[in-house]
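Here is a short briefing for a reader who is new to this structure. Please look over the sequence and the model before reading on.

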Amino acid sequence: MLLISGNVVCVKPFSLAVATCALAVPISGCTDSASNGNDSLTVAVAFYPIEEIVRSVGDDSIEVITLVPPGTEAHEYEPTAKQFTRLETADIVFFLGSGFQPNLEKAIDSLPSSVRRVDLINYVSLLTNDEGVDPHVWLNPNNMQLLAHVVASTLSEELPAQSSTFDTNEATYAAKIVALDAEFTRGLTNCAVPVLITTHEAFAYLAKAYGLTQLAIAGISPGDEPSAQSLEKIAELATANGVTTVFFEENLPPDLARTVADEIGAETSSLGTAETLTQNQLDAGESYSSIMRANLQALRAAMGCT
Ligand SMILES: [Zn+2]
C-alpha cells in the first residue's frame, strides 16, 4: 500500500515556508532561530545516509554529530549518556521516525525545545508492510534527493546568509543522485527474473522504484527471526519464479540466506543498505552512491539483466 504523507508541500523546490512546515510537522518546531545571530550550527544526524546529505549540502559553518558510530547496527542504536548530552546542545537533529530507531526516537522526544527536530520520514511517500511503515526510504535514490532538499531548506532557514551556498551544494548533490537513478533505470529495465529475495526487508523502496518484486525472509529489523513456515514459503516462491540468487545484507551473517539458497539450489550474494558504513569503507571513500552502484551490479548479475 502506498501512503502519501500529507506534507509533501514542504519539499516544493525553493520554498519551505515556516508556516506550512510548522503545520505539517508539529513536533519539529519550525522556529526561526536565525534571529539569534548564529553564524554556525551544530547538526546531529541519526545515521549514515543523513550524515552524507548534511555534509554534502552544508559547508564549514555546519558541525556534524553522527549518532550511530561507523560499523554499528542502526536499528537498535541507543545513544550513550555522553552522546545524549551532546545532542541536547545541538541546534538541529535530523532523523527518520516511525520505528526505524525506536531508542533514538525516545531520546529525541526528551530533548529540550531548543533542539529543532526534523523527522525526515514526513517528507517522502511511504510504503507499509505487515509491520507498519517501512522506514528504508533512502534506498530509492529519488528519496535521497527529496531529503537533500529538506536539509538544504532547513539549514537555510537557520542560517539565511548561507542559503545560496546550501542551494548550490544541494544542486551538486542532486545531480549525482539523478545520475545514479538513471543508471538504475537503465540497468534494471530488462531483467530475466525481476525478483529480489533478501534476508533483511530493506529494499522495498528500491524494488518499487525500478519494477522489482522484493520477497523478504526476515523483517524490517535485521534482528528479526523468520519462522520455519515463512522460510518454506519463500523457498516455494523462489522456485516458482526461477530465482537463482538469495541476497543477504553485507553487514549481517549470511546464514538465513544460505538456508533458503540451499533449499532451492541457488547462490547467495550481498546487498548494502548504507544504513551504516564501517570505518574501513569510509576510509576507502565509499559513499551512498558507491554502495548503491555495487548493489546495482549484484542485482543485474543475479537477475539476468541485459
Ligand atoms: Zn534496516
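The model is predicted. The protein has 11 helices and 11 strands. Of its 306 residues, 44% are buried.

**Overall make-up**
- Take the contacts between residues at least 6 apart in sequence: 64% of them join residues at least 24 apart.

**The sheet**
- Four strands build an open sheet. Their order is β3-β2-β4-β5, and they pair in parallel.
- β3 (62-66) and β5 (116-119) are the edge strands. Each of these two pairs on one side only.
- From one strand to the next, the twist averages 20°.
- Strand β2 (residues 41-45) and strand β4 (residues 92-95) run parallel and are joined by three bridges.
- Val43 has Ile92 of β4 as its bridge partner.

**Helix α2 on the strands**
- Helix α2 covers residues 48-57 and lies across β2, β3 and β4.
- Relative to β3, α2 runs at about 170°.

**Where α2 meets α5**
- Helix α5 covers residues 141-158. Its axis and that of α2 come within 9 Å, crossing at roughly 55°.
- The crossing of α2 and α5 is right-handed.
- On the α2 side, the contact uses Pro49, Ile53, Val54 and Val57. On the α5 side, it uses Met144, Leu147, Ala148, Val151, Ala152 and Leu155.
- The contact of α2 with α5 has 10 nonpolar residues, no polar ones and no charged ones.

**Where α5 meets α6**
- Helix α6 covers residues 163-187. The axes of α5 and α6 come within 9 Å and cross at roughly 175°.
- An angle over 145 degrees counts as roughly antiparallel, so α5 and α6 are roughly antiparallel to each other.
- α5 contributes Pro141, Asn142, Met144, Gln145, Ala148, His149, Ala152, Leu155 and Ser156 to this contact.
- α6 contributes Ser163, Phe166, Asp167, Glu170, Tyr173, Ala174, Ile177, Leu180, Asp181 and Phe184.
- By class, the contact of α5 with α6 holds 11 nonpolar, five polar and three charged residues.

**Residues of α5 in both contacts**
- Met144, Ala148, Ala152 and Leu155 of α5 meet α2 and also take part in the contact with α6.

Terms used: Residues are numbered from 1 along each chain as its sequence is written. This is a predicted model: local features need pLDDT of at least 70, side-chain atom pairs count only at pLDDT 80 or more; totals for chains, interfaces and linings use all residues. Two strands pair if DSSP finds at least two bridges between them. Axes are lines fitted to C-alpha atoms, for helices over the stretch in contact, and angles run from 0 to 180 degrees between N-to-C directions. Two residues are in contact if their C-beta atoms, placed from the backbone, lie within 7 Å. A crossing is left-handed if the near helix is turned anticlockwise from the far one by less than a right angle, and right-handed if clockwise. Ala, Val, Leu, Ile, Met, Phe, Trp, Tyr, Cys and Pro count as nonpolar, Asp, Glu, Lys and Arg as charged, and the others, Gly among them, as polar. A residue is buried if 20 or more other C-beta atoms lie within 10 Å of its own, exposed if 12 or fewer, and partly exposed in between; C-beta atoms are placed from the backbone. Angles under 35 degrees count as roughly parallel, over 145 as roughly antiparallel, 65 to 115 as roughly perpendicular and the rest as oblique.
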